[in-house]
Amino acid sequence: MEEAALAETEAPFLRLPLEGLRRMARANGKLYEQEVTEVLRGVQHLGDIPLPSSSDKPNHAAEAADTPPTGRDNRQALCDSLDGHMNRLQGLKRKLQETHEEETRHIARVKARIGYLTLFPGTKSERNRESVLEWRRCRLNRVLVDHLLREGYSEAARLLARNADIEELTELTLFAEASQVARSLQEGQFTEALQWCEAHKSKLRKAKSRLEFQLRLQQFLEKVRAGDGLAAVRFAREYLSEWAASELEELQTAMATLAFRDIGAAGGSPSAQGSHDNVGAKYAKLFDASRYQHLVELFRRDFCVVHDLSTESLLTLHLRVGLSVLKMPDGVASGGDNKAAPT
């Protein structure tokens, strides 16, 4: 592998922790600005609170008559307000300290990956058998961990990464997040997937993703399945109307399930008869359990797009390239003369 090919294939490898740092810096900046702005606004109003002078005397008769607060009361209010602002700033400090630990982990990953890439045995004059084998062994372990993570074998991937001492060179944390969202979808839960869509709304919009629409559509269908047509209509008005222009045909089909729900439920069963067969089959697929697997696959694809990862594992890509350049005897592919087969 030459330097140009390495730069192309390993770009996401170095970009991912840097993207993590960028997101954290942006989130911390927003948090800091919001909290400090609120504190400064509150401090500015403290000057409007009148304080008692040294000549003020306690007025017990006024206190007994339940009169408006005196200057001494204002002093207590001022102290309480300052305490509140201090508590708010201390809370901000704790949050920034927590994120600092995560930022430190991202920085460690960046350093480890830069160190790994600098060990790449580039020109022939720099190569020696030992360094080439070591670098390739490390890369092979990375490729295997990547494949295990994509296939859902998170624990096996974690053990391999730990034994090979390449945890900082892999995306264990990133794929753990993906596995959690995928698992919740398989269980029929939408909250985590929708939160993920909200967090990556900008990139998903640029990629013209249909994931959020499909999630909302499935929520609508579950309300129809439950027989709550009124709730389904209200839900469609609130969450599906924005897709009316781009997803009109699919929306029309979904809305028709309000009328054909019972036929659709029977469409795939042997009891569906006559003219109901075609109608039932059309709507039954909307209630099929396989739609959840479709949502999981759609999420995984968009997850890779958002993080600039290939939609296939590195192992699959390497195997495909390797098999395509294998020298095959003439005619093996077709069973006869194959002049195009490489020799």
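The loop between α6 (154-163) and α7 is where D165 sits; helices here are DSSP runs of H or I with at least four residues, numbered from the N terminus. D165 isn't a glycine, yet its phi is positive, at about 55 degrees. With 66% relative accessibility, D165 counts as exposed, which means over 50% relative accessible area, while buried means under 20% and partly exposed covers what lies in between (1.4 Å probe, protein chains only).

Keep in mind that this is a predicted model: local features need pLDDT of at least 70, side-chain atom pairs count only at pLDDT 80 or more, and totals for chains, interfaces and linings use all residues. Residues are numbered from 1 along each chain as its sequence is written, and side-chain values use heavy atoms, leaving out hydrogens and water.

An α-helix has 3.6 residues a turn, so residues three or four places apart point the same way. After α7 comes G188, and its phi is positive too, near 85 degrees.

Next, have a look at how α8 (residues 191-199) and α10 (residues 211-225) pack. Their angle is about 150 degrees and their axes are 10 Å apart. Axes are lines fitted to C-alpha atoms, for helices over the stretch in contact, and angles run from 0 to 180 degrees between N-to-C directions. The two helices are therefore roughly antiparallel, the label for angles over 145 degrees. On the α8 side, A193, L194, W196 and C197 meet L211, E212, L215, R216 and Q219 of α10, where contact means heavy atoms within 4.5 Å. Sorted by class, that contact has 6 nonpolar, 1 polar and 2 charged residues. Nonpolar covers Ala, Val, Leu, Ile, Met, Phe, Trp, Tyr, Cys and Pro; charged is Asp, Glu, Lys and Arg; the others, Gly among them, are polar.

Between α9 (201-206) and α10, the loop holds K208. Its phi is near 55 degrees, again positive in a residue other than glycine, and K208 is exposed at 72% relative accessible area.

Stepping back, the chain has 15 helices and 0 strands, and 32% of its 343 residues count as buried.

Note on methods:
Parallel < 35°, antiparallel > 145°, perpendicular 65-115°, else oblique.
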